[in-house]
Amino acid sequence: MKNLKLKAARAAKDLSQADLAQMCGVSRQTINAIEKGDYNPTINLCIAICKALGRTLDELFWEEENEDAE
Amino acid sequence: MDKSAGFGVGLAVGIILVVLLLKFANTDHKKKTEYDERQKEIRGRGYMYGFYTMIIYETIMICFGMSGVTLPVAPIAIHFTGIVLGGVVLASYCIWKDAYWGLNNNLKRYAIVFLATAALNAIPLIASVKSEGFNLEDGPILNLICLVMLGVLGVEFLVKYLMDKDGAEE
C-alpha cells in the first residue's frame, strides 16, 4: 500500500526524495520504495524519517482500519 | 617465471590494486561500502542466490567429471567460472533491486575502476592472442572470463540507468 502521508509530508517541507534520504542516511531508492509501499522500514528508520519531517510515527505510519479498506 | 607463480603474482597485484582503487572510489575514502537497511536485506537475498548458483554449477561440473566428460578449457577456468557466475548473479540481483551502489560510492570514480579493470584484463588477453593465437586451454582464459563478466554487468548498468532515467522520482 502506498504511503501517501509520507509523500505529502515530504512535499509540504519542499524536500526531494534525495534530500530526505540524505537526512535519514539511506538511499533515494529506499525512500521511493517506502512511499510506493514496496518496503516496510524498521522502527529506527521510521523514527529517523519522522524526526527529519517533524512529524510523529502516528501521523506518518499509522493506518486506520477504514483507510485500509479504501 | 612459471605459470602458477605468474598467477600468484597477478592475483596479489590485483588484490592490492582493488584495495587502492576502492579507497579512491568511495566518497569518504573508506574501503568498506556502506549500505542502508533495505539494501542489506536485498544483498542478503542476492548472496543466497549467488551461493545456490555456485552450488548448482559445481554439482554439474562434478557430474561431468564423474561421467568422464572433459571440457576443452583449463581446470582452473572451470572453477573460476563458478565463482564468477555466483558473483554475477549477486551483482545482477543487486543492480535490478537498487542495492548495488552503496551510500558512500562515487559512481564516476567506480566507472573509472571498472574501465581500469577491463583494461588490465584486456592487455594480457590481446598480447596472448597476438603471440599464440586464441587458446582456451592454455591462454589467459581467466582474463577472458573477467572481461565477459564486466561486459555483462556493464550492459546491465546501462539498461538499468536508461530505465530509471525518466521515472526516478514519482
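Me: At what angle do helix α2 (residues 17-24) of chain A and helix α4 (residues 43-53) of chain A pack, and how far apart are their axes?
Reply: They pack at an angle of about 115 degrees, with the axes 9 Å apart, where the axes are lines fitted to C-alpha atoms over the stretch in contact and angles run from 0 to 180 degrees between N-to-C directions. Helices here are DSSP runs of H or I with at least four residues, and strands are runs of E with at least two, numbered from the N terminus. Please keep in mind that this is a predicted model, in which local features need pLDDT of at least 70 and side-chain atom pairs count only at pLDDT 80 or more, while totals for chains, interfaces and linings use all residues. Residues are numbered from 1 along each chain as its sequence is written, with chains lettered from A and ligands numbered from 1 in the order in which they are written.

Me: Ok, which residues of α2(A) and α4(A) meet?
Reply: From α2(A) come Leu20(A), Met23(A) and Cys24(A), and they meet Leu45(A), Ala48(A), Ile49(A) and Ala52(A) of α4(A), a contact meaning C-beta atoms, placed from the backbone, within 7 Å. By class, this contact has seven nonpolar, no polar and no charged residues; Ala, Val, Leu, Ile, Met, Phe, Trp, Tyr, Cys and Pro count as nonpolar, Asp, Glu, Lys and Arg as charged, and the others, including Gly, as polar.

Me: And in α1(A), which residues are buried?
Reply: In helix α1 (residues 4-12) of chain A, Leu6(A), Ala9(A) and Arg10(A) are buried, that is, they have 20 or more other C-beta atoms within 10 Å of their own, whereas exposed means 12 or fewer and partly exposed lies in between, with C-beta atoms placed from the backbone.

Me: Why are they on the same side of α1(A)?
Reply: Because they cover an arc of only 100 degrees around the axis, the arc being that of the directions from the helix axis to the C-beta atoms. The buried residues of α1(A) pack against α2, α3, α4 and α5 (57-61) of chain A, while the face turned away carries the exposed Leu4(A), Ala8(A), Ala11(A) and Ala12(A).

Me: Switching to the interface: how many residues does each chain give?
Reply: Chain A gives twelve residues and chain B seven. On the chain A side, the largest share, four residues, comes from helix α3 (residues 28-36) of chain A, and that side divides into four nonpolar, eight polar and no charged residues.

Me: What ipTM and pTM does the complex get?
Reply: The predictor gives an ipTM of 0.86 and a pTM of 0.84.

Definitions and conventions
Two residues are in contact if their C-beta atoms, placed from the backbone, lie within 7 Å.
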